[in-house]
Amino acid sequence: MRRLVLFMHVSLDGFVTDPNGGMGFIKVNEEIFDYVGDRTNRSDMAMYGRITYEMMDAYWPTAGDEPDASKHDKEHSAWYNKVDKVVLSKSMKGQQKPNTIIISEDVEHRIKALKQQAGSEILIFGSPGAAHSLMQYGLIDEFWLFVNPVLVGGGIPLFNNTQLPAELKLANSKSFSNGVVCLGYEKA
């Protein structure tokens, strides 16, 4: 069975955005990009909420073609273009996109069916609203959290009360030179 892994940047006080909805507190560097690239290259499906998908789809299909594209841009652009994508969105219902499945209803059963298909793990990138829905149904198997050394004091919380209590176990951790720590938690 395929595993569904949530990839999320989070502040030390548990928020995925600041009080104004911004994500400027997120610290990334080549070290993190390389670490993430190793994981994404082992995955063959990406999942997003509508807002994150629209942001990603506006950038990644051609990011690697730009004259000043970084190593990360080239690699992630190539990966993005080859993997299947899933978008959880009620407003995109009925739309057709290449290599993309749009799920607008019956989320729990449709995701369970995707997890039963052959393939490697499914990564859900950011997308706090979609992540909250998936957590509500207990569909996330692993939380891959990049904890940024900052307190933002409010915003969208990573976790809300719809999925609590939940027992998790630490599967792996990695510290980066910029102070970010990646924590990998699996369902116990």
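Eight strands make an open sheet of mixed pairing, in the order β4-β3-β2-β5-β1-β6-β8-β7. Strands here are DSSP E runs of at least two residues, and helices are H or I runs of at least four, numbered from the N terminus. Two strands count as paired if DSSP finds at least two bridges between them. The edges belong to β4 (100-103) and β7 (168-175); each has a single partner strand, so one side of each lacks a neighbour in the sheet. From one strand to the next, the twist averages 20 degrees.

This is a predicted model: local features need pLDDT of at least 70, side-chain atom pairs need 80 or more, and totals for chains, interfaces and linings use all residues. Residues are numbered from 1 along each chain as its sequence is written, and side-chain values use heavy atoms, without hydrogens and water.

Now look at β1 (residues 4-11). It runs parallel to β6 (residues 142-148), and seven bridges join the two. Ser11 has Asn148 of β6 as its bridge partner.

Helices pack on this sheet. Helix α1 (residues 30-40) touches β1, β5 (122-125), β6, β7 and β8 (181-187), where contact means heavy atoms within 4.5 Å. The direction of α1 makes about 175 degrees with that of β6. Angles run from 0 to 180 degrees between N-to-C directions, with axes fitted to C-alpha atoms, for helices over the stretch in contact. Helix α5 (residues 128-136) lies across β1, β2 (45-49), β3 (84-88), β5 and β6, at about 130 degrees to β1.

Step back to the whole chain. It holds five helices and eight strands. Its C-alpha trace spans about 50 × 40 × 30 Å along the principal axes.
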